[in-house]
Amino acid sequence: MAEEPHNEVRNPVQFHHHGYVSGDPRVKPAAGVGLNRPDELPDEVDVLIVGTGPAGMLAAAQLSMFPNVSTRIIERRPGRLAIGQADGIQARSVETFQAFGFAERIIAEAYRITEMAFWKPDPASHANIIRTARAVDDEMGISEFPHLIVNQARVLDYFAEFAANSPTRLKPDYGYDFQSLSVTDEGDFPVTVTLLRTSGPNEGQERIVRAKYVVGADGARSKVRTAIGCTLAGDQANHAWGVMDTLAVTDFPDIRTKCAIQGEKGSILLIPREGGHLFRMYVDLGEVDPATHHAVRNTTIEQIIHKANEILHPYTLDVRNVAWHSVYEVGHRLTDRFDDVLPEERGTRTPRVFITGDACHTHSAKAGQGMNVSMQDGFNIAWKLGHVLEGRSPEGLLSTYSAERQVVAKNLIDFDKEWSTMMAKKPEEFENPSDLEDFYVRTAEFPAGFMTEYAPSMLVAPAKHQDLATGFPVGKRFKSAPVVRVGDTNPMHLGHHATADGRWRIYVFADAAPAGTHSGVADFAGWIANSPDSPLAATPSDADPDAWFDVKVIYQQPHTAVDIGKVPAVFKPQVGPFKLTDYEKVYATDPGADIFELRGLDRGGVVVVVRPDQYVANVLPLTATAELGEFFAALLKPGLLKPRQATGQPLTV
């Protein structure tokens, strides 16, 4: 059964609920700290992010959606990144881009990987290479989104645009280099950070900024990592590769197809780039001799091009322009913690400083994981900081960042060791000639970004009700599926309407009873709307009823059989200053792709709870309201759950 319906509506932007909007609806009204945002870096901030790489920019973009949180992101460069080293965008990242509203635009400009070709020595003449296999990039349909290639700089541009258009009007502060920090237990801003101006009229001057929290996203040579006493540990580099982004004329037939090339003279990983002409080559430069003290790094671009031609024989590569090139040695390193809390301090204090991305895990570029995993680091810590700083959640929530992401990074390094080792092998060293392509297909879910599975914690419930929703594994990312929105009859993907706004999602998959009759979903709606133990009871009285928790219902019937007037009011909240009814939370099954079948959902009804970073946190029967209340009680700051006044939205059954 196909999962992708025709004519899907991909744009989930809602507007006009605060009045008519004549401009770009992606530009949110300024609010909170965005109303009078100073151009100059202030002396005190809630969150100081160091580094505008993928992890830092995603974290900033997510925090920009919390109007009352003062976030600044600094960068030692004088301006935006012009050309980035990373370019592989896994499908999980494109899912994330959808939440930030730019998936469609970046797909349009990116190169899309649909197949990978494998080349090996010709048995009739080993000096030549021939194509021996092709592999479909996503043969198993693990995502409705594609695997893309696009320059890192463009990804950063999109996140910068999102942050600038957010309520806080967040923009990077360029020309500041992190020098050091100190953490005390005193005052509202316990982290003192020393910066150095690297550009502008005050170049060379030191600057002190105090923060509540610091996020180090400053790369493999991270000064923030050093400041909190963390070190990267792991394998020494043992293999070198030359990498170049080039424009060339060639008779190699697969120059616009992703290729793993294993020739007599070495290996090449070929990655076509966006724009139709540019491509990247990772060229095997051989084993590294420790006695030469990294002399391989002095390999010239001419030598890399010559080596590439040797490997590609009998084809030729006439390089006309090189946009960027480098030489790197493969190493796999990881820190044992991703925050400033020492092992002996665990449980005695909560962290104040966090490190993300290359600052805490480094690996080869050939698996295309660095930028992708780094962005998920930023996503993970940012919403948690937002919830703590806005008073939604206890500080203990922040301790889950290191616990969750360190395991993910370790799994990535283990995978990359195997992949990069296989890429460096000579063809005759494989036990089976198809081992490389078999591994590529067999492990497709990992490089696509979908093997992350968070362990049970305060954020992830034990999977004791997993049999009610086998297609939504607890701890793994919420895999979207087609539905039909009842109000306007539009087909769409359910998960695509989970925007990066910091809200929890509660998906209520209804039992078989029609809307308006007594049923399990009606009873659940009554509880979540009115019970003092419901997480909705914590929502501030002056906020929209769905400001913290986005509650949606999905009926088993086709949309023509759902009477939206009889749907419980909690699924149709009144929002904005005019208290307008939101009709975009009521869904029905798509007749060509029934979500209940696709995701193994129990026909008796099931509740699926999804975190703000798109991971499934809990699966429960409709009757388990006490369990749901207890789950969120631990995630809400003490005192938030208390009886409240009626909302004026009576339950409709």
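User: What covers the buried residues of H4?

Analyst: The cover includes helix H1 (54–63), strand E3 (88–89), helix H2 (91–99), helix H3 (103–109) and helix H7 (370–389). Contact here means heavy atoms within 4.5 Å. Helices (H or I, at least four residues) and strands (E, at least two) are DSSP runs, numbered from the N terminus. Bear in mind that this is a predicted model: local features need pLDDT of at least 70, side-chain atom pairs count only at pLDDT 80 or more, and totals for chains, interfaces and linings use all residues. Residues are numbered from 1 along each chain as its sequence is written, and side-chain values use heavy atoms, leaving out hydrogens and water.

User: Why is Phe159 called buried?

Analyst: Buried means under 20% relative accessible area, exposed over 50%, and partly exposed in between (1.4 Å probe, protein chains only). Phe159 has 0%, so it counts as buried. Others buried in H4 include Leu156, Tyr158 and Phe162.

User: And what makes Val13 partly exposed?

Analyst: Its relative accessibility is 29%, so Val13 lands in the partly exposed class. You'll find Val13 in the segment before strand E1 (44–50).

User: How many aromatic pairs does a search of the whole structure find?

Analyst: It finds 25. Rings of Phe, Tyr and Trp (its six-membered ring) pair if their centres lie within 6.5 Å; planes under 30 degrees apart count as stacked, over 60 as edge-to-face and the rest as tilted.

User: Why is the pair of Phe102 and Phe159 called edge-to-face?

Analyst: The ring centres are 5.1 Å apart and the planes sit at 90°, so this pair is edge-to-face. Phe102 is in the loop between H2 and H3 while Phe159 is in helix H4, so the pair ties together parts 57 residues apart in sequence.

User: What makes Phe472 and Phe478 a stacked pair?

Analyst: Their centres are 4.5 Å apart, with 10° between the planes, and that pair is stacked. Phe472 is buried at 0%, and Phe478 is buried at 7%.

User: Which strands stand at the edges of the seven-strand sheet, and why?

Analyst: The order is E6-E5-E14-E15-E16-E13-E17, with mixed pairing. Two strands pair if DSSP finds at least two bridges between them. Strand E6 (125–136) and strand E17 (317–329) each have a single partner strand, so one side of each has no neighbour in the sheet, and these two are the edges.

User: How do you know that E13 and E16 pair?

Analyst: Eight bridges join strand E13 to strand E16, and the two run antiparallel. Val243, for example, has Tyr282 in E16 as its bridge partner.
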